[in-house]
Every structure is written in structure tokens, then in C-alpha cells.
Amino acid sequence: MLDSGKAPPDSGGGRRPGWRGLLVGLLVATIVLQLLTQYRLNFWNRDFFDAIERKDAGGLWQQALRLLPIGTASLTLAIVSVWGRMTMQRKWREWLSNHLYDYWLERDHIVRLRFMSGEHQAPEYRIAEDARIATDLPVDLLLGLLSSVLVAVIFIGVLWRVGGDLVLGAFGTIVVVPGYLVIAVILYSILLTAAMILIARHLTRVMEDSKRTEAELRSVGTLLREAGERILDPEVHQDGRRAIGTALDAVIRIWRTYCWQLMRMTLVTHTNFLLTPIIALLLCTPKYIEGTMTLGEVVQAAAAFVIVQGAFNWMTDSYGRISDWTASANRVASLLLALDQIDGQTSPSTNAGADRNEFGEPAGTLTSD
């Protein structure tokens, strides 16, 4: 029918494979350079606040000048990172969407899919929206994971070196805790991750339901518009209003559930946002009072604590996006599975005269699950 038998021009499916390697190399190099910039900024914080503690005006001016190239490098790398990331996402989406459209439109799949049982409703929505999310989020998530691993490795060393050991004395016993800031940040991150997994364990299912009901609402609306252009019977329009009302009720019901899920997740993430800098400073303050840490070292250690905790917190921060990607990837996979099964089924031509509703569509197409 609609299949021209020709592949789309440069769909990214292997015609020019070099761009993948170049983009991946650029993104990895950008992450490494951003890490080095962040590492240098951490030491700049130490030197700057040490100059404040000494009331050294000349040292403060010198540190202000040193900040200029660091800030310029950070800004440039951030811009390059955005370009590389979005280019990778665009190329990947172009390839996947072209593949899905070709597969959907070839050999009467677009017609025969309507007679297949399974979870593949609103294929046009799945290709347009779910394919976008299924290709956008993996790039963001994998780059974030790589950055978090590298940041954790580098700044754990800073924490261990600057924080040193904690000496505790009680009841005549002295206990030395080596690298106490590293131990503290690991335990704190484990606690937060466990809390997020417990609270958001149903999020993927909720997001799949949300995407399904949104797609069904759009599908019903499209059918109503097409029917309104052909049929002037008021009773038909009333039936359509009931159908779209049912679909809308399903969307709102799932959205309410999604809202409560996000509220519980926000309780964890925002609490972490507020507490992490305070915990870091409280852990460093005793050594500052004892005189074993300078003000600059306190700021440096506290900043490194926040950075490491953010790296360990990748799962907690990304949980919602992982669930969103999982839901979209599952919907794209179910569409592909249905298309794979079509060619093994008997052609539905014998069912072409199946019962149809007043909108000219197969019976039941305007009803919500």
C-alpha cells in the first residue's frame, strides 16, 4: 500500500556509521574535561576561603582572576555537551522512527494491525512520542551514569585526603575512624536510594498506564473529528461525547495516581537537597574547631561531600526518568512484537465486513479499556 520499497535517505541505519563513534568520543571527552574543571574548582574553593580566613586581599584578587578561565571552560564544555547530547538523540530518534514507520506501513501492516489482539493501541502515538522518549532518555541516563561514576572515583579521593581520620574518645577508649567522610557519604546514599526504591517501586506501572490512557484519549478524539466531518446525526455525536468522556476520566484518574507518586518521591529528593550540605558542614565543623582543618578545607570537603553524594544519588535522582523510559520502551517493544506477529497470521480480509459502529470504525474502537 504505502510502502515505496525504498529506505529513507540517510535514516541512520548504517549508511554513515562514523557519526556514532565521533559523537560518543566527543561526549566522553566532554564529560572528562567537565570533571577536571569541577576538580579544579573544588581546589579553588579551598584557596578562596583560606584567603578569606587570612583576610588576604591580594590572595582574594588572585583567586578571582583564576576563576575566569575555570568559568569560561565550564561554560564552553556545558554548551558543547548540550550540542553533542541532543545531536545523538536526534540521530537515534531519526533512525528508530524511520524503521518503525517503514515497518508499520509495509505489507498492509497498518490495516492488519487493527485485527491483532494485544497491547499495541495507537501505533502512531507510540512512534511519535514513545520512540522519542525511548531514544532521548537513554542518552541522558548513560551520560549521567558515566559522569557519576567518574565523579565518585575522583572526589572520594578528595574526601579521604581532606577529611582524614576522625578520632573519637569515650569512657577512656579512643576510636579512630579512617576516611570518616567517605563512610558517612556512602551510608547516607544507601539510605536515600533504599527509601526511593521503596517509595517509587510502582512508578513504572503508573507511567505505562498514563501513556496508555493519553494515547487512547487522542485516538478517540481523532475518531470523533473524522466522524464529525462525515456524519451529522446528533445521536452519533452524543455517543462520541460519552466515549471521549470515559477516556478523559481514565486519564485524570491515572494522573491523580501519578501525582501522589511524585509527591512521595519529592519528599525524598527535596529532603536530600536540604540536608546534604548541612550534614557535610556538621561533619567537618568539629575538626575546624579543633584547628585540624582550615576554613578553606571545610568548604572543600563539604563541597566534595555534596558532589560525591550527588554521584551516588544517580539512581535516586534518575528513578522517575528510568521509569519513564521503561514505560516508553515497553510500548515501542509491544508495537514491534505485534508487527512481527502480523505476517504469521491469516490475512484479515475475510473479516473486512466485521461489525462497525456508527463512526464507520470496527465495533468498540470508541470505548476505553
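This is a predicted model: local features need pLDDT of at least 70, side-chain atom pairs count only at pLDDT 80 or more; totals for chains, interfaces and linings use all residues.
Local features need pLDDT of at least 70 and side-chain atom pairs count only at pLDDT 80 or more, while totals for chains, interfaces and linings use all residues. Residues are numbered from 1 along each chain as its sequence is written, and side-chain values use heavy atoms, with hydrogens and water left out.

**Helix α8**

Helix α8 spans residues 295-312 and has 18 residues. Helices are DSSP runs (H or I, at least four residues), numbered from the N terminus. From first C-alpha to last, α8 reaches 26 Å, close to the 26 Å expected at 1.5 Å a residue. The expected span is 1.5 Å times one less than the number of residues. Buried residues of α8 include V298, V299, F305, I307 and V308. Q300 and Q309 are also among the buried residues. Buried means under 20% relative accessible area, exposed over 50%, and partly exposed in between (1.4 Å probe, protein chains only).

**The second largest pocket**

The second largest pocket has a volume of about 440 Å³. A pocket is an open set of points on a 1 Å grid over the protein atoms alone, where a 1.4 Å probe fits, with protein on both sides within 12 Å along at least five of seven lines; lining residues have an atom within 4 Å of a point. The volume is the space filled by probe spheres set on the points, which are joined across faces, edges and corners.

The lining of this pocket holds 24 residues, and I31, Q34, S81, L143 and S147 are the closest to its centre. Helices α1 (18-54), α2 (57-105), α4 (123-163) and α9 (314-342) each give two or more residues to the lining. α1 gives the most, with eight residues. The lining divides into 11 nonpolar, nine polar and four charged residues. Here Ala, Val, Leu, Ile, Met, Phe, Trp, Tyr, Cys and Pro count as nonpolar, Asp, Glu, Lys and Arg as charged, and the others, Gly among them, as polar.

**Salt bridges**

The whole structure has four salt bridges. A salt bridge is a side-chain nitrogen of Lys or Arg within 4 Å of a carboxyl oxygen of Asp or Glu.

| Pair | N to O distance |
|---|---|
| R46 and D47 | 3.1 Å |
| R54 and D56 | 3.5 Å |
| R85 and D140 | 3.4 Å |

D140 is buried at 15% relative accessible area, whereas R85 is partly exposed at 22%. R46 is partly exposed at 25%.
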